[in-house]
Amino acid sequence: AAYYERVTGEPFQLGVHGAEEGMILAEIRVTYRSQAYYGEVLLVETRAERIGRSSFTMVHRLTAPGSRYGAARLVAVADSVLVSYDYRAERPIPVPPALAEAIEALEGRPLRG
């Protein structure tokens with residue numbers, strides 16, 4: 001949600017009843033590298049890696065700062081696929097061009113093609 005808000009400058013609305021179009025988290029894979037502890041604050045860094053016709057791939061890095069639990073460390077890495085989706089038609093739709101352009105502008109590099 002924070003990434004979307006940074007890209008578009010608009011709030012990300014989860015679970016808006018009656019929305020015609022949106023995004024669906026189609027896939028996520030997480031690889032844990034070290035333990036995280038209850039109460040520990042983790043930093044999540046996210047970036048877009050590729051924009052396809054109806055989906056885009058993101059990569060994520062979760063780190064823990066140095067604290068009473070130990071030295072700063074990598075907790076996990078993840079990648080995810082989000083699909084632009086028409087809820088009424090119940091099918092994927094092309095990534096809106098304005099969203100693709102805004103993602104590329106934030107990332108500072110082309111991601112389509």
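Helices (H or I, at least four residues) and strands (E, at least two) are taken as DSSP runs and numbered from the N terminus. The structure is a predicted model, in which local features need pLDDT of at least 70 and side-chain atom pairs count only at pLDDT 80 or more, while totals for chains, interfaces and linings use all residues. Residues are numbered from 1 along each chain as its sequence is written, and side-chain values use heavy atoms, with hydrogens and water left out.

On this basis the protein chain contains two helices and five strands, arranged along the sequence as α-β-β-β-β-β-α. The C-alpha trace spans about 50 × 35 × 25 Å along its principal axes. Of the 113 residues, 30% are buried, where buried denotes under 20% relative accessible area, exposed over 50%, and partly exposed in between (1.4 Å probe, protein chains only). Contacts are defined by heavy atoms within 4.5 Å; among those in the chain with a separation of 6 or more, 60% involve residues 24 or more positions apart. The chain exposes about 7,600 Å², of which carbon and sulfur atoms supply 54%, as computed by the Shrake-Rupley method with a 1.4 Å probe. The mean positions of the 13 positive and 14 negative charges are 7 Å apart, with Lys and Arg counted as positive, Asp and Glu as negative, and His and the chain ends not counted. Each charge is placed at NZ of Lys, CZ of Arg, CG of Asp or CD of Glu.

Helix H2 comprises residues 97-107, and its buried residues are Leu99, Ala100, Ile103, Glu104 and Glu107. Viewed down the axis of H2, these buried residues fall within an arc of 135 degrees and therefore line one face of the helix; the arc is that of the directions from the helix axis to the C-beta atoms. Pro97, Ala98 and Ala105, on the other side of H2, are exposed. The buried residues of H2 pack against helix H1 (2-8), strand E2 (43-51) and strand E3 (55-64). Gly108, which follows H2, has a positive phi near 75 degrees.

The largest nonpolar core consists of twelve residues: Tyr3, Val7, Ala48, Ile51, Phe56, Met58, Leu82, Val95, Leu99, Ala100, Ile103 and Leu111. H1, E2, E3 and H2 are the elements that give two or more residues to this core, and H2 gives the most, with three. Such a core is a set of buried Ala, Val, Leu, Ile, Met, Phe, Trp, Tyr and Cys residues joined through side-chain atoms within 4.5 Å.

Ser84 belongs to strand E4 (residues 73-86) and is buried, with a relative accessible area of 2%. Apart from neighbours within four places in sequence, Ser84 is in contact with Gly22, Ser54, Pro92, Ile93, Pro94, Val95 and Pro96.

Two loop positions were also examined. Leu42 lies between strand E1 (21-32) and E2 and is partly exposed at 31% relative accessibility. Beyond residues up to four places away in sequence, Leu42 touches Ala36, Leu62, Thr63, Ala64 and Val75. The C-alpha atoms of Leu42 and Glu10, 32 residues apart along the chain, are separated by 24 Å. Glu90 is located in the loop between E4 and strand E5 (91-92) and is exposed, at 62% relative accessibility. Although not a glycine, Glu90 has a positive phi of about 55 degrees.
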